[in-house]
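Work through each task before reading its solution.

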Amino acid sequence: MKKRQVVVKRDGSRRSSSTSSSMVRTVRYCECQKNHAANLGGYAVDGCREFMASGEEGTTEALTCAACGCHRNFHRREVETEVVCEYSPPNSYGELCTQ
């Protein structure tokens, strides 16, 4: 399983530069991991490769997979986090060059 971690550190000093960042999280539900043979003491999955909601967002049907009929919690959850930073350099460099 791939794991990715993004750490954003802020400098404690106050400069005239401006930095803004935003975090975007995308959640995707992948293959079904429900063990259909658990009551028999075995292990068998149904082969469903990706969660597809049975109904519209906000309804109870949205939590049931249209392909395998399992609840969304049985599907492997994959979270992708993207941090976008915007930075504008301090004005002090420009002021030093003009002196």
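The model is predicted. In it, Arg28, Glu31, Arg76 and Glu78 are linked in a network of salt bridges.

**Exercise 1.** State how many salt bridges the structure holds, and find the N to O distance for Glu31 and Arg76.

Solution. The structure holds three salt bridges. A pair counts when a side-chain nitrogen of Lys or Arg lies within 4 Å of a carboxyl oxygen of Asp or Glu. For Glu31 and Arg76 the N to O distance is 2.8 Å, and their side chains form a salt bridge. Glu31 belongs to strand 1 and Arg76 to strand 2, so the pair links parts of the chain 45 residues apart.

**Exercise 2.** Determine which residues form salt bridges with Glu78.

Solution. One partner is Arg28, with the closest N and O atoms 3.6 Å apart. Glu78 is in strand 2 (residues 75-88) and Arg28 in strand 1 (residues 18-32), so this pair ties together parts that are 50 residues apart in sequence. Another partner is Arg76, where the closest N and O atoms are 3.5 Å apart.

**Exercise 3.** Classify Arg28, Glu31, Arg76 and Glu78 as buried, partly exposed or exposed.

Solution. The class limits are under 20% relative accessible area for buried and over 50% for exposed, with partly exposed in between.

- Arg28 has 43% relative accessibility, so Arg28 is partly exposed.
- Glu78, at 28%, is partly exposed.
- Glu31 has a relative accessible area of 22% and is partly exposed.
- Arg76 has a relative accessible area of 22% and is likewise partly exposed.

Notes
Residues are numbered from 1 along each chain as its sequence is written. This is a predicted model: local features need pLDDT of at least 70, side-chain atom pairs count only at pLDDT 80 or more; totals for chains, interfaces and linings use all residues. Side-chain values use heavy atoms; hydrogens and water are left out. Helices (H or I, at least four residues) and strands (E, at least two) are DSSP runs, numbered from the N terminus. Buried means under 20% relative accessible area, exposed over 50%, partly exposed in between (1.4 Å probe, protein chains only).
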